[in-house]
Amino acid sequence: MKIQILTLFPGICHGVLGESMLKRARERGLVTVEALDLREWAEGRHRVTDDMPYGGGPGMVMKVEPIFRALSDLRGPQTRVVLMTPQGRKFDQSIAREYSRVEHLILICGHYEGVDQRVADHLVDDELSIGDYVLTNGALAALVVTDAIVRLIPGVLGDAESAVQDSFTSHLLDHPHYTRPETFQDWKVPEVLLSGNHAAIEKWRREQAERLTRERRPDLLR
């Protein structure tokens, strides 16, 4: 799989892509992930990628031409192009699974007041948002999407069961986890986890996952 993050601030991405699971997946050749500077496709001496909005208003709007030129160079027959924008459908685990099977993914990162609407209307296959809040730029959102997708690629995680048992995979939050010591500050590990009874442990974990989901995210149960 190949993921290309098209952004005005590729430096934001380099640290995240060079650490932990993403670093290992890239080094092992399981995925290619790169952050590309959109200014490379901007024309003129100053490589301008934004301009004032028609109709007035605060801030600047990202121009359509650099994005068009970048996609003309990068896009292939198997490419899915996604615009990271607050107007997009809300990203979740099911979308992560969907995109983990894509051969080539380009994530376009919005910045400033937004992106010329003609990009969304004519150049992309999908629009995604990671939540109802405002970020400094879309590169941060693109990194979240990238991480969620890459960990689902076969062979990326050391334990294949980790991705299967994560929160949201079964539409439930994850159950509580404990490790050594058995007792700390009079706080004890639940007895059932020490019993060795695997059926009882699985039953307890399922019950705890359902309880937490009912209390904290009842929308998931609907």
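Glu98 counts as partly exposed, at 26% relative accessibility. On this scale, buried means under 20% relative accessible area, exposed means over 50%, and partly exposed is in between, with a 1.4 Å probe and protein chains only. Before I go on, this is a predicted model, where local features need pLDDT of at least 70 and side-chain atom pairs count only at pLDDT 80 or more, while totals for chains, interfaces and linings use all residues. Residues are numbered from 1 along each chain as its sequence is written, and side-chain values use heavy atoms, with hydrogens and water left out.

Back to Glu98. Which residue forms a salt bridge with Glu98? The partner is Arg80, and the closest N and O atoms are 3.8 Å apart. A salt bridge here is a side-chain nitrogen of Lys or Arg within 4 Å of a carboxyl oxygen of Asp or Glu. This pair links distant parts of the chain: Arg80 is in strand β5 (residues 79-90), Glu98 is in helix α4 (residues 93-100), and 18 residues separate them. Helices (H or I, at least four residues) and strands (E, at least two) are DSSP runs, numbered from the N terminus. Arg80 is partly exposed, with a relative accessible area of 26%.

The next pair is Asp126 and Arg89, whose side chains meet in a salt bridge at 2.7 Å, N to O. Asp126 lies in strand β7 and Arg89 in strand β5, so this pair ties together parts that are 37 residues apart in sequence. Is Asp126 buried or exposed? Asp126 is buried, with a relative accessible area of 11%, whereas Arg89 is partly exposed at 37%. Arg80, Arg89, Glu98 and Asp126 are linked in a network of salt bridges.

How many salt bridges does the structure hold? It holds 14. One more that I will show is between Arg118 and Asp116, with the closest N and O atoms 2.7 Å apart. Arg118 is partly exposed at 45% relative accessibility, and Asp116 is buried at 17%.

Now to Thr7, in strand β1 (residues 2-7). Thr7 is buried, with a relative accessible area of 0%. What does its side chain meet? A polar contact of 3.2 Å joins the side chains of Thr7 and His111. A polar contact is a pair of N or O atoms within 3.5 Å; within protein, one must be able to donate a hydrogen and the other to accept it, and residues adjacent in sequence count only if both atoms are side-chain atoms. A polar atom of the Thr7 side chain also lies 2.9 Å from the backbone nitrogen of Phe9. Leaving aside neighbours within four places in sequence, Thr7 is in contact (heavy atoms within 4.5 Å) with residues including Cys13, Leu36, Asp37 and Ala139.

α6 has 13 residues and reaches 18 Å from its first C-alpha to its last, close to the 18 Å expected at 1.5 Å a residue. The expected span is 1.5 Å times one less than the number of residues. Of those 13 residues, 10 are buried, so α6 is largely enclosed by the rest of the structure. Among the buried ones are Gly138, Ala139, Leu143 and Val150. Which residue caps the N-terminal end of α6? Asn137 does, with a side-chain oxygen 3.0 Å from the backbone nitrogen of Ala139.

Next, the surface. Phe9, Ile12, Tyr112, Tyr133, Leu135 and Leu140 form a nonpolar patch there, with about 510 Å² of accessible area together. Patches are made of residues with over 30% relative accessible area and no salt bridge; like charges are joined within 9 Å, and nonpolar side chains (Val, Leu, Ile, Met, Phe, Trp, Tyr) within 5 Å. Accessible areas come from the Shrake-Rupley method with a 1.4 Å probe, and for residues only the protein chains shown count as cover. Tyr133 is found in the loop between β7 (126-129) and α6 (138-150), and is partly exposed at 47%. Tyr112 sits in the loop between β6 (104-109) and α5 (117-122), and is partly exposed at 40% relative accessibility.

Last, some backbone angles. Phi of Tyr112 is near 60 degrees, a positive value in a residue other than glycine. Ser20, in helix α2 (residues 20-27), also has a positive phi, near 55 degrees. The peptide bond from Arg180 to Pro181 is cis, with omega near 5 degrees. Pro181 lies in the loop between α7 (160-165) and β8 (183-184).
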